Amino acid sequence: MAESGVNPTAAALLGLLHDGPMTGGQLMAAAERRLAPYWSMTRSQVYRELPVLAEKGLVRLGKPGPRMSQPYALTAAGKRTFSRWLAENPGKDTIRNPIALRMAFGNLHSSSQLKNLYASANEYHTEALAAVREQVKNAKKEGDNYDASALEFAVAYHRAALSWLKTAPVG
């Protein structure tokens, strides 16, 4: 299997650029809109990766726009690299849950800290579940079954988190 030579964040940017040229800010907005329920990207990651992708010839810079915004467009080499990345083994999941991390040290929390932690986590996952269910509905309405399927992962994640929170010791 060919190594694409790009990390998942860079690959996500190449994938988003299949929709057409975008500035860093537009890419960040697209990532938030499409990927955030199951894949996080920071603004600093986006702006760090774009010059690297340009240097590798995977994207090309367009003419600066308002406020010196710089659009990036996918090149043929970028499309080939993205295709190779899609064919690679995705590797193992990395789980980083801040609530579970704090739970590991639950004996060092006060009872009220734990109750507040779980209440805020429950509120977050409840709201996120409702939002991602809406995204799934919209993706299905638009006929994008692949996007809907990826979003269903986020639905299952938030359901699992809510189920887990019901069983977590609260002090």
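**Close-up views of a predicted model**

**Figure 1. The protein chain as a whole.** The protein chain contains seven helices and two strands. Followed along the sequence, these elements occur in the pattern α-α-α-β-β-α-α-α-α. The C-alpha trace spans about 55 × 40 × 35 Å along its principal axes. The protein chain has 171 residues, and 35% of them count as buried.

**Figure 2. The largest pocket and its lining.** The largest pocket holds about 1900 Å³ of space. Its lining consists of 44 residues, and those closest to the centre of the pocket are L35, Y38, W39, S40 and F153. Two or more lining residues are given by each of the elements α1 (8–16), α4 (76–87), α5, α6 (111–141) and α7 (145–167). Which element supplies the largest share of the lining? That element is α6, with seven residues. By residue type, the lining of the largest pocket comprises 26 nonpolar, 12 polar and six charged residues.

Figure 3. A121 is located in helix α6. Is A121 buried or exposed? Its relative accessible area is 4%, and because the limit for a buried residue is under 20%, A121 counts as buried. A121 and A150 are 29 residues apart along the chain, and their C-alpha atoms are separated by 22 Å.

Figure 4. R80 is part of helix α4. With a relative accessibility of 48%, R80 is partly exposed. In sequence, R80 and S4 are 76 residues apart, while in space their C-alpha atoms are 8.8 Å apart.

**Figure 5. A salt bridge between helix α2 and a loop.** The structure holds three salt bridges. One of them joins R34 and D19, whose closest N and O atoms are 3.2 Å apart. R34 lies in helix α2 (residues 24–34) and D19 in the loop between α1 and α2, so this pair ties together parts that are 15 residues apart in sequence. The two partners belong to separate accessibility classes: R34 is partly exposed at 29% relative accessibility, whereas D19 is exposed at 57%.

Figure 6. E134 and K137 form a salt bridge in which the closest N and O atoms are 3.7 Å apart. Both residues lie in helix α6, where they are three residues apart, about one turn of the helix. E134 has a relative accessibility of 38% and counts as partly exposed. K137 is also partly exposed, with a relative accessible area of 48%.

Figure 7. The side chains of E152 and K140 meet in a salt bridge with an N to O distance of 3.6 Å. Why does this pair tie together parts that are 12 residues apart in sequence? The reason is that E152 lies in helix α7 and K140 in helix α6. E152 counts as partly exposed at 32% relative accessibility, and K140 is partly exposed with a relative accessible area of 48%.

Key:
Residues numbered from 1 in each chain as written. Predicted model: local features only at pLDDT ≥ 70, side-chain atom pairs only at ≥ 80, totals over all residues. Heavy atoms only, no water. 1 Å grid on protein atoms, 1.4 Å probe; cavity = no way out; pocket = protein on both sides within 12 Å on 5 of 7 lines; lining within 4 Å. Points joined across faces, edges and corners; volume = space filled by probe spheres on them. Helix = DSSP H or I, 4+ residues; strand = E, 2+ residues; numbered from the N terminus. Nonpolar A, V, L, I, M, F, W, Y, C, P; charged D, E, K, R; others polar. Buried < 20%, exposed > 50% of the residue type's maximum accessible area, 1.4 Å probe, protein only. Salt bridge = Lys/Arg side-chain N within 4 Å of Asp/Glu carboxyl O.
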